[in-house]
Amino acid sequence: MRIRGFRMAAELLAEHVREHRSDQDALIFPFLYNWRQHIELVLKLLIVEAEALHDIEGQTPSGHNLDSLWRRCRRALEPT
């Protein structure tokens, strides 16, 4: 639900700006933050599930560096 919530919040902000043609300057950073948080949580979930699928034991993903999370996710998703 948390992952979905961040995406929904970003989409609602975008819809507000589209409908009202206003507030884009005030809402750009909350909009970007929500998308970024959504991506971070999706990557962490993919890592956990892909590593479990391949019987890879590792620590639960942590941190906020999207590049590091993406690299770990790609390794976990590569065929063995």
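Is Tyr 33 buried, exposed or partly exposed? Tyr 33 comes out as partly exposed, with a relative accessible area of 45%. The cut-offs here are under 20% relative accessible area for buried, over 50% for exposed, and partly exposed in between, with a 1.4 Å probe and protein chains only. Some notes on the rest follow.

1. Ground rules. This is a predicted model, with pLDDT of at least 70 required for local features and 80 or more for side-chain atom pairs, while totals for chains, interfaces and linings use all residues. Residues are numbered from 1 along each chain as its sequence is written, and side-chain values use heavy atoms, leaving out hydrogens and water.

2. Fold elements. The protein chain has three helices and zero strands, so the order from the N terminus is simply α-α-α. Helices here are DSSP runs of H or I with at least four residues, strands are runs of E with at least two, and numbering starts at the N terminus. The helices are α1 (2-20) and α2 (24-53), then α3 (66-77).

3. Overall dimensions. The radius of gyration is 16 Å, against the value near 12 Å that a compact globule of 80 residues would have. That radius is taken over C-alpha atoms, and the globule rule is 2.2 Å times the number of residues to the power 0.38. Along the principal axes, the C-alpha atoms fill a box of roughly 50 × 20 × 20 Å.

4. Burial and surface. Of the 80 residues in the protein chain, 22% count as buried. The chain exposes about 6,100 Å², and carbon and sulfur atoms supply 58% of that. Areas come from the Shrake-Rupley method with a 1.4 Å probe; for residues, only the protein chains shown count as cover.

5. Contacts. Take the contacts between residues at least 6 apart in sequence: 55% of them join residues at least 24 apart. A contact means heavy atoms within 4.5 Å. For a specific pair, Leu 46 and Cys 73 are 27 residues apart in sequence and 6.6 Å apart in space, C-alpha to C-alpha. Leu 46 is in helix α2 and is partly exposed, at 34% relative accessible area.

6. The aromatic pair. The count is one aromatic pair. Phe 6 and Tyr 33 form it, edge-to-face, at 6.3 Å centre to centre with 75° between the planes. Phe 6 lies in helix α1 and Tyr 33 in helix α2, so the pair ties together parts that are 27 residues apart in sequence. The rule covers rings of Phe, Tyr and Trp (its six-membered ring) with centres within 6.5 Å; planes under 30 degrees apart are stacked, over 60 edge-to-face, and the rest tilted.

7. Positive phi. Most residues other than glycine have a negative phi. Arg 21 has a positive phi of about 50°; this residue sits in the loop between α1 and α2 and is exposed at 67% relative accessibility. Asp 55 has a phi near 55°, lies in the loop between α2 and α3, and is exposed at 70%.

8. Gln 37. This residue of helix α2 counts as buried, at 12% relative accessibility. Gln 37 and Gly 58 are 21 residues apart in sequence and 22 Å apart in space, C-alpha to C-alpha.

9. Charges. There are 11 positive and 12 negative side chains, and the centres of the two sets lie 2 Å apart. Lys and Arg count as positive, Asp and Glu as negative, with His and the chain ends not counted. Each charge is placed at NZ of Lys, CZ of Arg, CG of Asp or CD of Glu.
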